[in-house]
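Please examine the sequence and the structure shown here before reading the report.

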Amino acid sequence: MKLYLDMCCLKRPFDDQSDARIYMEALAVEAILQLCGEGQHELVTSDALRFENSRNPNAERKEFAEASLALAAQDQPHSIAVEQRAAAWQNVGVGLLDALHLASAEVAGVEVFATCDDVLLRRMTRMTARVRVLPVLDLFKELVP
């Protein structure tokens, strides 16, 4: 399966692990990355992910995200198609970076876009994307039944 993990997924292992949900999401992210590293699923990266990560002031988080993105089997560069699709997402109220991530995933032909972002997840329940948008825990449950 072709997967796109947004940056909040890649940062999750560094969030406060005393919260049970965050802890479980962090474990799910690490397991999904392991499956991708083993070649069981294809991770897709993008210029949008690299851009967002370049703005990360936390060196440890930044290095983890870089190492995670290095596992990607496919790289979706920024393009006119990504820009046009991102503009469409922005027109319906999705923020710029989320719009770029969604557009990159769609243009890359990703099957599942995973996130830990509750605001984005709520918004996507009212919209139709060319990719399934799932909470990272739901993706984990699909990949490891």
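The report below concerns a predicted model and treats a helix, a core and a loop residue in turn.

## Helix H5

Helix H5 covers residues 80-91, 12 residues in total. From its first C-alpha to its last, H5 reaches 16 Å, close to the 16 Å expected at 1.5 Å a residue.

Four residues of H5, namely Val82, Arg85, Ala86 and Trp89, are buried. Viewed down the axis of H5, the buried residues fall within an arc of 105°, so they line one face of the helix. These buried residues pack against strand E3 (74-76), helix H6 (96-107) and helix H7 (118-124). On the face turned away from the buried side, H5 carries the exposed residues Ile80, Gln84 and Asn91. Just after H5, Gly93 takes a positive phi of about 100°.

## The largest nonpolar core

The largest nonpolar core has 41 residues. Within this core, the residues that touch the most other members are Tyr4, Leu5, Ile32, Leu102, Phe113 and Leu139.

Leu139 may be taken as an example. Apart from neighbours within four places in sequence, Leu139 is in contact with Met1, Leu3, Leu5, Ile32, Val112, Ala114 and Leu134.

## Asn56 in its loop

Asn56 lies in the loop between helix H3 (47-54) and helix H4 (59-69). Is Asn56 buried or exposed? Asn56 counts as buried because its relative accessibility is 9%, and the cut-off for buried is under 20%.

The side chain of Asn56 reaches the backbone nitrogen of Asn58 at 2.9 Å. Not counting residues up to four places away in sequence, Asn56 also touches Lys11, Arg61 and Lys62.

Technical notes:
Residues numbered from 1 in each chain as written. Predicted model: local features only at pLDDT ≥ 70, side-chain atom pairs only at ≥ 80, totals over all residues. Heavy atoms only, no water. Helix = DSSP H or I, 4+ residues; strand = E, 2+ residues; numbered from the N terminus. Expected span 1.5 Å × (residues − 1). Buried < 20%, exposed > 50% of the residue type's maximum accessible area, 1.4 Å probe, protein only. Arc of directions from axis to C-beta. Contact = heavy atoms within 4.5 Å. Core = buried A, V, L, I, M, F, W, Y, C linked by side-chain atoms within 4.5 Å. Polar contact = N/O pair within 3.5 Å; in protein donor to acceptor, adjacent residues only side chain to side chain.
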